[in-house]
Amino acid sequence: MNKINTKPALKYRFFHPSQQQPIDPACCQFQIRTATPADLIGVAQIIAESFHSQKGMWGWAFPLLRLGIYEDLRHRMASPPPRHICLVAFEATTGTANNLVGSVELGVRYSDSWSQVGMGFPYLSNLAVHPKYRRSGVASGLLTSCEKVSREWGFQDLYLHVLENNHQARQLYFKVGYRVHKVESNWNTFLLGRSSQMFLHKHLSADSTI
């Protein structure tokens, strides 16, 4: 099991009602490791809570969305591509590696739109931290770990998408060195009034850290 020491994080209970009082970043420590099948329920919960609301008229659909996320994760972990990894952050002060507080996926994608057809590039997705544990260093620690893995794979760049109206996420990515590669719009942007996606890029120097 690959563990990476990093900065503070805290406790999380799978599928229990979350208490949204933020924690004190100084009170706990967390580590980062490769996800296992036993983590799927916890990772699905964290992603669902990060990207889908449990309130309002669509609150009833939350369990279905969470189940869909779980099944997608299970499929990817059952037959992962050659270069794909899911990392999880967990509380390190309890002596257990199962109290998950955040997760991220990293893989190699291919695009014909690049200058070389079929050229692969490392792509970061599903960066999610339980709402209670945000602004505690969890996301930065996961990003740092992705940079380390990307360099181990032989790459010097990282890419990701973020919604243009997701100001909190944009602030984090810009703070740690990501820059806008291009802004992408589609018919949903114009017909449904949805936010454009920003395709961000970071060049990784040999000693790149957050």
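**View 1. Helix H2 and its covering elements.** What covers the buried residues of H2 includes helix H1 (40-51) and E4; contact here means heavy atoms within 4.5 Å. The model is predicted: local features need pLDDT of at least 70 and side-chain atom pairs count only at pLDDT 80 or more, while totals for chains, interfaces and linings use all residues. Residues are numbered from 1 along each chain as its sequence is written, and side-chain values use heavy atoms, with hydrogens and water left out. Helices (H or I, at least four residues) and strands (E, at least two) are DSSP runs, numbered from the N terminus. Phe62, Arg66, Ile69 and Leu73 are the buried residues of H2. They cover an arc of only 60° around the axis, so they lie on the same side of H2; the arc is that of the directions from the helix axis to the C-beta atoms. Leu64, His75 and Ala78, on the other side of H2, are exposed. Buried means under 20% relative accessible area, exposed over 50%, partly exposed in between (1.4 Å probe, protein chains only).

**View 2. The largest nonpolar core.** This core has 31 residues, and Leu106, Leu124, Leu127, Leu142, Tyr173 and Tyr178 have the most contacts inside it. Elements that give two or more residues to the core include strand E4 (100-111), strand E5 (119-129) and helix H3 (138-152). H3 supplies the largest share, six residues. A nonpolar core is a set of buried Ala, Val, Leu, Ile, Met, Phe, Trp, Tyr and Cys residues joined through side-chain atoms within 4.5 Å. Not counting residues up to four places away in sequence, Leu142 touches Ile32, Leu87, Val88, Ala89, Gly102, Ser103, Val104, Leu127 and Ala128. Ala35, Leu40, Ile47 and Ala48 are among the 15 residues of a second, separate core.

**View 3. The aromatic cluster of Phe121, Tyr159 and Phe199.** These three residues form one aromatic cluster. Rings of Phe, Tyr and Trp (its six-membered ring) pair if their centres lie within 6.5 Å; planes under 30 degrees apart count as stacked, over 60 as edge-to-face and the rest as tilted. Four aromatic pairs are found in the whole structure. Phe121 and Phe199 pair edge-to-face, 6.2 Å centre to centre with 75° between the planes. Phe121 lies in strand E5 and Phe199 in strand E8, 78 residues apart. Phe121 counts as buried because its relative accessibility is 6%. Tyr159 and Phe199 are stacked, at 5.4 Å centre to centre and 20° between the planes.
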